[in-house]
Amino acid sequence: MPRPRTSATPWLVWAAGLAVYVLAVAHRSSFGVAGLAAADRFGAQATVLSLFVVVQVATYAALQIPMGIALDRWGPRRLLTLGALTMAVGQAGMAVAPGVGVAIALRVLVGSGDAAVFISAVRLVWGWFDRRQVPLLTQVTGIVGQLGQVVSAIPFAFALRRAGWAPAFAALAVAGLLTAVVAAVGVRPGPHDEPPLRRGLAGLGATLTSAGTWLGFFAHLLGGVSVSVFVLMWGVPFLVRGQGLTAGQAGMLLTVSVGVSIVTGPVVGEVTARHPLRRTWVVLAVAATTAAGWALVLVPATPRPLWVLTVFVVLISVGGPASLIGLDLAAGFNPPARRGTAQGVANMGGFAGAVLVMLAVGVVLDRRAPDGVPTLTDYRVALAVVAVPLAVGVAGILLTRPRARASAGIVVPPLRTRRT
């Protein structure tokens, strides 16, 4: 029987999880801010430095299923605490890392801790709030987490410039320890939580064979792959070297991307909450706008004006909020006790796709521009690789959606009816 709770308790517990997630995003994006400093510190070329991002994101994606299983077994409190501690240790090591090999290993540690955080924060929403509130609050969780990019871009960057490498990363490590304390003290099981699975692997096979799990995976893939590739690695090089923008203009467009997520996230959440049977329609509509955005910049052979590039960024950035629909789908089509594992699988979609695309784009650029100075045409050809995961995602949704609905006994009414 759930214990009594005050009206403020769900919000306080959720806030504790959000604190960990905000700092996780700061940890995740810290190396992007420190890239130039890392090149000087380690004497590494750009190709080697790109491995820091790829390895970290690949680790995050690869650990989603193990972390989902652990979440079902141990609950969000332990996972959030452990994730915060792991990332803090990784950042403390970065402060004193002697070379590239050690530093890359430490980014694996950061990615490992990061892998535990978002699905645990979303689990708090499912555990403490009514089902009608879940889609909107899931979106708000993702939006608030993006404040971590502000943490890395402003106070961390300031500390890096003024105090240097070691103090800046040490400060992030200390902040990570503080959020671990917040999670340990502030996170509690919710009234809607199921008892933890006695065996972490219990139900894994059923989760992996559930059409609803993979419906969530493909939805996350469709929404998340483009914006991740753009923000985490290839956006700035494409805009600066390919389109001829200044670094300041490219940075402005990255800010636009974050702003679009903040504005559209609540809208996506409210629409999917009001019309839960139309969630995949939203994902497919966003995939169409994403494809249109890429066509705006990849089809023309000449650099695009700034306003066209802004439209492109807006169109692909809506995919960030849309990708979170995948977690809602995976959770909704699986029993509550397997929610963590299902959402872990779904959360792999966009990140696994992004890793493959980032690597593929690098391979194509290396083959087309072995001198290391790619042209706009080279970028156009290389970034066209993004069409592959978009096509796979659309096909995946169209194949898994009828099976998922049939297994749940769902019949979608015509649009002219008022039912949702």
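Why does Gln343 count as buried? The residue belongs to a predicted model, in which local features need pLDDT of at least 70 and side-chain atom pairs count only at pLDDT 80 or more, while totals for chains, interfaces and linings use all residues. Residues are numbered from 1 along each chain as its sequence is written, and side-chain values use heavy atoms, with hydrogens and water left out.

Gln343 counts as buried because its relative accessibility is 0%; buried means under 20% relative accessible area, exposed over 50% and partly exposed in between, with a 1.4 Å probe and protein chains only. Gln343 is placed in helix α18 (residues 339-368), helices being DSSP runs of H or I with at least four residues, numbered from the N terminus. A polar atom of the Gln343 side chain lies 3.2 Å from the backbone oxygen of Leu327. Not counting residues up to four places away in sequence, Gln343 touches Ile119, Val122, Trp126, Leu327, Ala330 and Ala331 (contact: heavy atoms within 4.5 Å).

The largest nonpolar core has 92 residues, of which Trp234, Phe238, Leu239, Trp294 and Met358 touch the most other members. Such a core is a set of buried Ala, Val, Leu, Ile, Met, Phe, Trp, Tyr and Cys residues joined through side-chain atoms within 4.5 Å. Helix α12 (residues 211-242) supplies the largest share of this core, 14 residues. A second, separate core of 20 residues includes Phe31, Ala34, Ala97 and Phe156.

Mean pLDDT, the predictor's confidence in each residue from 0 to 100, is 87 for the protein chain, and 94% of its residues reach 70 or more.

Notes. Helices (H or I, at least four residues) and strands (E, at least two) are DSSP runs, numbered from the N terminus. A polar contact is a pair of N or O atoms within 3.5 Å; within protein, one must be able to donate a hydrogen and the other to accept it, and residues adjacent in sequence count only if both atoms are side-chain atoms.
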